[in-house]
Structures are given as structure tokens and as C-alpha cells.
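Hi there,

Here is the structure I promised to pass on to you. Have a look at it first, and my notes follow just below.

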Amino acid sequence: MSYHSIVMVKQVPDTANISGQVMKPDGTVNRSKLPTIFNPEDKVALELALQLRDRYGGTVRVLTMGPLKASDLLRDCLYMGADEAFLVSDRKFAGADTLATSYVLAEALRKLGPYDIIFAGRQAIDGDTAQVGPQTAEKLGLPQITYAEAILEAQGPQITVKRKVDHGFEILEGTLPLLITVVKDAATPRPFRAKRVMAYKNAHTLLELEKMTEGNSLLYVDQLKEEYVSKGLFIPTLTADDLDVDLSRCGLGGSPTKVHKIESVVLGGSAHETIPATRDGMYALIDKLMEDHIFG
Amino acid sequence: MNENTQKVWVFIEQHEGVPADVSLELLSKGRKLAESLNGELQAVLIGHDLQALAAETFRYGAREVLLADHPQLAHYNTLPYSRIMSELVDRHQPRIVLFGGTFIGRDLAPRVASHTRSGLTADCTDLQIADVTYLRKDYSQLLLQIRPAFGGNIIATIICPDSPVQMATVREGVMEKIPLAQPVDGRITPVPYSPSAADQLVRIIARHHEESKVNLKAAPIIVAGGYGMGNWQNFQILYELARVIGGEVAGTRAAVDAGFIDQVRQVGQTGVTVRPKLYIACGISGAIQHRAGMCDSNKIIAVNDDPDAPIFGVCHYGIVGDVMEVIPKLIDAYKHKLK
């Protein structure tokens, strides 16, 4: 049996490279000020989905919710081997917490269904909450297997997965369809395929095509779109209008958690004692720790 | 108990009848929150054969234990546990629900929060009750969910002003475990469970459990390394120092991500919180997420070649220098003085 997977991916700020000016006064993140990367565990999730396709056949589609420039991330997915990519994007979805995010993602997945397996990374490095996967599963009424380390076997509608738990691991057998979140160690993402990069570097969203036609009276966006669709280079964008969403459950307004206060951490003048990095300094330090009753 | 009494719930995680430390820590914190609310602390316990554990929660101030006891619930399984928990939250509308930030808590809490449409904040480092004005509206006695956020130089206070139920996860060690001298006279309320086929859509077919040999919380001395250790080989010198002075080795998130050390030894917001007698921070810059997990140590030594590293703002003894030169000297000095 072959399997149809959808992988939820996210473009995240590279938290290792954060400069000032990233926080907006309302406490949300000014993402435009940050370099972005493919959330590492989502990339592993895509790799696992591609491996499943290599082994059993089927399809791998990817889905991201984010700003329009998240199309970069979707092209990366196509370079790795995804069959199709979808962007969920609308100003009305901005400022969403995990609950509002999972609501929109679940509606988008309903639209893209049917599917056998939904994959996602365990968590995104910009919040580390690990909540969106389980919340999306709950909204779709799907079982979930979190912290997957390996897919051992798939047979008919059953999948066997090894997952991490505190103090060890479990082997679980689940009935499809279900949602799986994946830890970093599960696989090493394959590099981009040169051939695919050549083919898909021209894959574009509608907005990108509109930009290409700007100031060019000979190009019509509808024609262009048709051409891109026929070449398999069109990345569909799903907006609030395309999804049957209740707007009161989307974006900042649909988020039960609110940022009440942000405090910068200002370290007070350091009251510590400086110890010279010398042999004598270390001897003196040991004496002090003996006085403190830590040693001796 | 009055119907309108505000309830603070703690989900009690257990393995074969032994509670997770973090659950007892959360009961201790939940007791304080319940006092602030003039409400009642309650525990939710799901599993099999748990009468003794139910009684143990009374030692931490739980006035009521909601106990779902059934052979099929002996081991954590997402679907039945989240169904039971969601139904209980729907029915009883607790004001606050706390979960440990463990594999189980992080699997369960988001599912329950999604079902009940509650606000949920992960990995809080502090929880308080306060009256809040938000967007010109006054809210009384909200749960302040405090956590370091984004990039590490800010502390965010999250609230759920319009959510009847406020949920949070907290990592092990963040709150202190404080048993009462006298257990409270609590009651056990059985929660009926009727197995359904849907609960078995995911079945556990094998389980491998090994108690972690690492117990950072109990270590009197911790030698910790950060990304500044440079590489895995350099990191090994910390094991030598720890062996000589009788400590455990730990690492920062960055050191774990770089593969210098295993995640079970991670100290900080998304790892474990420790309060040893002595904490030696080597090659650690001191991001807030890390400091949140170690700043209550009795004495802190920081070794870093950057004199402006934030870690020097929380240490008692600061050594500016190359870790790979300083640590051998410290080992020699210790051996000379104390051996």
C-alpha cells in the first residue's frame, strides 16, 4: 500500500542570530527583521515522509502557514523532493498563538485531504512549545504519535513507530490516518537535488507572479498562472476566503494567550568577585570555597 | 465546597504508581496559587491501582483527587488520557490546570487545551496571581504565566484574559517540592472510565524503561559547559573536573544542540532547574533561558574569555580566561589543597 502524507513545515527566525528591534510593542515578533531558516525538526519530518514514499510509494505534500515570503521555505521543500507545496497566508492569521495556528492549519488540512499521515517537527525553535502538532491532531480528531524517532514499518492501515519518552522509548502501533511529530535524531535531511533546484527555482505563488507582471503590459497574471500551473510550478496560496474559517478563532483575536508584559532583562552591576586566571588565583578560589563550606 | 470556588488542578504524572517529581512540585506551587485565589487545590490522577498515590497528594495539600482508575489506563496513552482530562475540564471548569513539562505533559496538555479552547503557555519559569488591566479592561486574579521568550533577552508575562481555564506547563525543578507537616484531610472522587474502541487507535506494543542515572537536581556540585567549550573533546575536561571535586556534569541548550552533551543533562528553561551548593559555568555566555535554570545556586563560579558575558552578572566568583587553561589549574589547585 502506498501512503499520502502532508508535512507541516515552518519558517523560523534563526534564533542563533538575533539582533535588536525584533520585538514589536504589542509583544509579538517583528519577523521581517530576522534572518529565517527551515525549522530543523520540520526538515527532519519532511525527510521521514520522503523516506516513507521511497519505501512504499505515495505522495508527499507540504504545507506552511506564514507570511508571503515563506514561499522560500516551500521551494526548499520542493528541492528536497516534495511533490506539491501549499502556502496558508492571510493578514487575518497574523499574531496567532498555538491554538489559533492549529485551528487554521486544521482547516487547511481538511481542504487538502484525504491523507494517511500528517507529519510535523516536534517543535519550532522560535517558541519551543511543541503544541501545534497535538492541537492540530485534536482539531482533526486524529490520533497522534509525538516524539517519533523512527518509522519501523507500515502495513495496510497500520504503522509502527518508535517514540522517545522520559527514561526510554516505546514502540507504538497506530491506525491511519494519524499525526506524527518527529524529533531531530529521526533522520538526516537529504540535500537539495541539483536537478530539482533547476526545475523548481521558478516555482511561484500567485503574489510572486503578480509582482512579475507589474509594469509589464504584455504579461497577464491569469495567463501566467495558467502557464505555471501547467508546468507544475504554481504554489497555491490558501487565504481566509479559501478556507472555511471562523475569523473569531484566527490570528491575534482568536488567540486565548496574550502577551501582557515584556521586560528586557537588564543585568545589574555584577557584584561578583573577580578571580585571576592564574595558579595563585585558583588556590585563592579553593580557599574561599572552603570558607563557604562547599569544599573540605 | 461552594460551586463557585476557584479550582487549581494539577495533573499527576506517574509511572507504576510512583509520581513524577514535577507533579509534586506543581502541587506545592498550586497550593500557593489556590491560597491566592482563596480557592482549592485538586489533583487529577489517571492510571491503575493508585489509592496510595492519591493519598500522597494530600501531603502536598490536594483537597480532592479526581481518580480515574482502570486496568486499561495503567500506562499513559494519549487518546484515553486526553479524553478523560478534557471531559473533566469541560465538566468542572477549573480556573487553572498545571502539567509537568515532560514528554507526557507536553503530549497531553496541548490536546486538552485544544479541546477546551483554553490558553496554554509552555515552560513557565514562574506563576503568579494578579489583577490585570489589559486593553483598558480590568480582570481580577489572572494567572500570570511568566517565561523567558524569544532570543533570550526578554521575560514575557502571558495572560489568558478571556479564557475560563488557564493552562501552563512547567519543567522539572522549576518549582520547589514542599510537603506539608500534616497531610490535609482530602477526599478521593472516582471518575468513571468506560473503554472505547477509539481509545485504542494507537496501541503500545513494547516499552523500554530505564531510570535515568543522571539526577542533576540532587547533585551538590554541578560543572556545566556551554557552546563556548568549542568542541566535544574540550567538553570532556568538565567530566575530569566533576570527577575530582565530586560533581555532575551539565550543559546548556546550545551545548546539547551542538552535540557536546546529552539532553538529559540540559540545565535551563527547557531542561531541568537546579539549585546546587556550587555551580561552575564554563564557556557559558549566560542567556536568560540558561540563567533561569541555575541562578538560585548557592554559589556560582563563571569561567569565560569574554569579560562582558552576561553570566558574570549572576556569578559570585568570575574568572576571565580560556576555559581550557583555567580548568586544569583549578583541578591542580583542588588536588593540592584537599587531597
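Let me start with a turn in chain A. β8(A) and β9(A) make a hairpin with 2 residues between them, and A:His167 in that turn has a positive phi of about 60 degrees. The two strands run antiparallel and pair over 8 bridges, with A:Lys162 standing opposite A:Ile171 in β9(A). Strands here, like helices, are DSSP runs (E, at least two residues, for strands; H or I, at least four, for helices), numbered from the N terminus. Two strands count as paired if DSSP finds at least two bridges between them.

Before going further, some housekeeping. This is a predicted model, so local features need pLDDT of at least 70 and side-chain atom pairs count only at pLDDT 80 or more, while totals for chains, interfaces and linings use all residues. Residues are numbered from 1 along each chain as its sequence is written, chains are lettered from A and ligands numbered from 1 in the order in which they are written, and side-chain values use heavy atoms, with hydrogens and water left out.

**Between the chains**

β9(A) also pairs across to the other chain: its partner there is strand β13 (residues 202-209) of chain B, in the antiparallel sense over 7 bridges. Along this pairing, A:Leu172 faces B:Ile204, and A:Glu170 has B:Arg207 as its bridge partner.

The contact as a whole (heavy atoms within 4.5 Å) takes 76 residues from chain A and 78 residues from chain B. Together the two chains bury about 6,700 Å², 61% of it on carbon and sulfur atoms; buried area is the accessible area (1.4 Å probe) that two parts lose on being put together, summed over both.

How many salt bridges cross the interface of chain A and chain B? The rule finds 5, taking a salt bridge as a side-chain nitrogen of Lys or Arg within 4 Å of a carboxyl oxygen of Asp or Glu. A:Asp128 forms a salt bridge with B:Arg253, with the closest N and O atoms 2.8 Å apart.

On the chain A side, the elements that give two or more residues include α4 (132-140), β7 (144-155) and β14 (258-264). The largest share, 9 residues, comes from α8(A). By type, that side divides into 35 nonpolar, 22 polar and 19 charged residues. Here Ala, Val, Leu, Ile, Met, Phe, Trp, Tyr, Cys and Pro count as nonpolar, Asp, Glu, Lys and Arg as charged, and the others, Gly among them, as polar.

One open sheet draws on both chains: its 6 strands run in the order β15(A)-β18(B)-β17(B)-β16(B)-β14(B)-β15(B), with parallel pairing. β15 of chain A and β15 (248-251) of chain B stand at the edges with a single partner strand each, so one side of each has no neighbour in the sheet. Within this sheet, strands β17 (residues 299-304) and β18 (residues 317-320) of chain B pair over 4 bridges, and B:Ile301 stands opposite B:Tyr317.

The other open sheet has 7 strands, in the order β7-β11-β6-β1-β4-β5-β12 of chain B, again with parallel pairing. Its edges are β7 (119-121) and β12 (187-190) of chain B; each has a single partner strand, so one side of each is left without a neighbour.

**Backbone details in chain A**

Most residues other than glycine have a negative phi, and most peptide bonds are trans. The bond from A:Gly113 to A:Pro114 is cis, with omega near 5 degrees, and A:Pro114 lies in the loop between α3 (98-112) and β6 (117-121) of chain A. The bond from A:Leu176 to A:Pro177 is cis too, with omega near -5 degrees. A:Ala130, in the loop between β6 and α4 of chain A, has a positive phi near 60 degrees.

Best wishes
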